[in-house]
Amino acid sequence: MSYSVEIKNLDLRFGNLKVLENLNLGINNGEFLVLLGSSGCGKSTLLNSIAGLLEISDGQIFINGQNVTWAEPSERGIGMVFQSYALYPQMTVEGNLSFGLKNAKLPRDEIKSRVARAAEILQIEPLLKRKPAELSGGQRQRVAIGRALVRDVEVFLFDEPLSNLDAKLRADLRVEIKQLHQKLNNTMIYVTHDQTEAMTLADRIAIMKDGYIMQLDSPNEIYNRPTHRYVAEFIGSPTMNFITGTVDKGKFKSSLSSFSLKGYKTIKKDFSGKVGLGIRPEHIEGGAGASKCSVSYEGTVEMVEPLGSDTLARVKVKEHLFWVRVDGQFKLSAGDILPIGFEPVNAHLFDANTDLRV
């Protein structure tokens, strides 16, 4: 299969410290791939390796079928957008957009055409004569994206481009980046620690931990069928609730209760042993409807977090704590007794020894 970007057996070490080890990844033409993970997981290191900003220890990197493992960044046919805008403060927006093209000695008409096209796509035409100090954070980031856009390349790399912006600007620019990808249909590789960005932007997400890709799949598949407990806990806010117990002959048993796992889609047939059973807050019924669920408990509300459209409640059942998502109009207070319940078909089971899905 022909990939837009392909990474083969990539190793990257700093002295004795292994940051990436034997990493393999294929990114399809026109795909929006998000590298997601917590700080220090290796996602920015991987992006910088693709860009040629870091020298890898072993392995190969291909872009559009060309081996670029030892090529200079300028020779890789990529455009990169950084977390810091990295704009030239003394230049106008137009000057920032055209600077790299002038250095590449492109014809004046070609430069003018590319700058005009990028400005139109990013809706920054009225800003072309302004300097960066006269722009808002969102406008500066649009210019930074435009500087990558004018290079007319097939692969764009984004290194946490929205992390310096406030919440509303992040949401607005997230929409614009998605629309930009739909217009251009270029390959985009995007690094973030923000799961909302990853879920809303990506065609596929690569969730990373300690230099390894834990799961590579569509947002829906990662959310609905996490293959590893780390992925299950990382995706979703609040995090997935867990009950420790055992599985034997299709039944789950814990200090809270035992119940049949009928309807649960298992990967390992006839599995038995110690597990962690996970259930997302939105899959727990709180209130009168709990009694209709196959599994139900009664607990004490410890904390209530109103979010407007819905409300989060932390409920204690014996020694276990559950986050439950209920309707925003549900009247709840700390100290209330709340029935909660769920269906085993919505649960996620992970082998306690390997943390892999069962």
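Modeller: Buried means under 20% relative accessible area, exposed means over 50%, and partly exposed is in between (1.4 Å probe, protein chains only). The model is predicted: local features need pLDDT of at least 70, side-chain atom pairs count only at pLDDT 80 or more, and totals for chains, interfaces and linings use all residues. Residues are numbered from 1 along each chain as its sequence is written, and side-chain values use heavy atoms, with hydrogens and water left out.

Colleague: How many residues of β8 are buried?

Modeller: Strands (E, at least two residues) and helices (H or I, at least four) are DSSP runs, numbered from the N terminus. In β8, 6 of the 6 residues are buried, so the strand is largely enclosed by the rest of the structure. The cover is on both faces: T187, I189 and V191 are buried on one side, and M188, Y190 and T192 on the other.

Colleague: Which strands does β8 join by bridges, and in which sense do they run?

Modeller: Two strands pair if DSSP finds at least two bridges between them. β8 runs parallel to β3, with 5 bridges, and parallel to β7, again with 5 bridges.

Colleague: What is the order of the open sheet of 6 strands?

Modeller: The order is β6-β7-β8-β3-β9-β10, with mixed pairing. At the edges stand β6 (78-81) and β10 (212-217), each with a single partner strand, so one side of each has no neighbour in the sheet. Neighbouring strands are turned by 15° against each other on average, direction ignored. For such angles, axes are lines fitted to C-alpha atoms (for helices, over the stretch in contact), and values run from 0 to 180 degrees between N-to-C directions.

Colleague: Which helix lies across β6 and β7?

Modeller: Contact means heavy atoms within 4.5 Å. Helix α4 (residues 137-149) lies across β6 and β7 (155-159), and runs at about 170° to β6. Helix α5 (residues 167-184) also packs on the sheet, where it touches β3, β7 and β8 (187-192), and its direction makes about 160° with that of β8.

Colleague: Which are the edge strands of the open sheet of 5 strands?

Modeller: That sheet has the order β15-β19-β16-β17-β18, and its pairing is antiparallel. The edge strands are β15 (285-286) and β18 (320-327), each pairing on one side only. β15 pairs with β19 (residues 337-342) over 2 bridges, and in β19 the partner of G286 is I340.

Colleague: Is N241 buried or exposed?

Modeller: N241 has a relative accessible area of 3%, so it is buried. N241 is found in strand β11 (residues 241-248). Leaving aside neighbours within four places in sequence, N241 is in contact with several residues, including L277, R280, P281, F322 and W323. A polar contact is a pair of N or O atoms within 3.5 Å; within protein, one must be able to donate a hydrogen and the other to accept it, and residues adjacent in sequence count only if both atoms are side-chain atoms. Here the side chain of N241 reaches the backbone nitrogen of W323 at 2.6 Å.

Colleague: How many aromatic pairs does a search of the whole structure find?

Modeller: Rings of Phe, Tyr and Trp (its six-membered ring) pair if their centres lie within 6.5 Å; planes under 30 degrees apart count as stacked, over 60 as edge-to-face and the rest as tilted. The search finds 9 pairs. In one of them, the rings of F252 and F259 have centres 5.3 Å apart and planes at 45°, so that pair is tilted. F252 is buried at 0% relative accessibility, and F259 is buried at 8%. F252 and F259 form one aromatic cluster with Y297, F322 and F342.

Colleague: Which ring does the charged end of R280 sit over?

Modeller: A charge sits over a ring if NZ of Lys or CZ of Arg is within 6 Å of the ring centre and within 35 degrees of the ring normal. R280 sits over the ring of Y223, 4.1 Å from its centre. R229 sits over the ring of F242, 3.8 Å from its centre.

Colleague: Where does D210 lie, and what is its phi?

Modeller: D210 lies in the loop between β9 and β10, with a positive phi of about 55° although it is not a glycine. D210 is exposed, at 54% relative accessibility.
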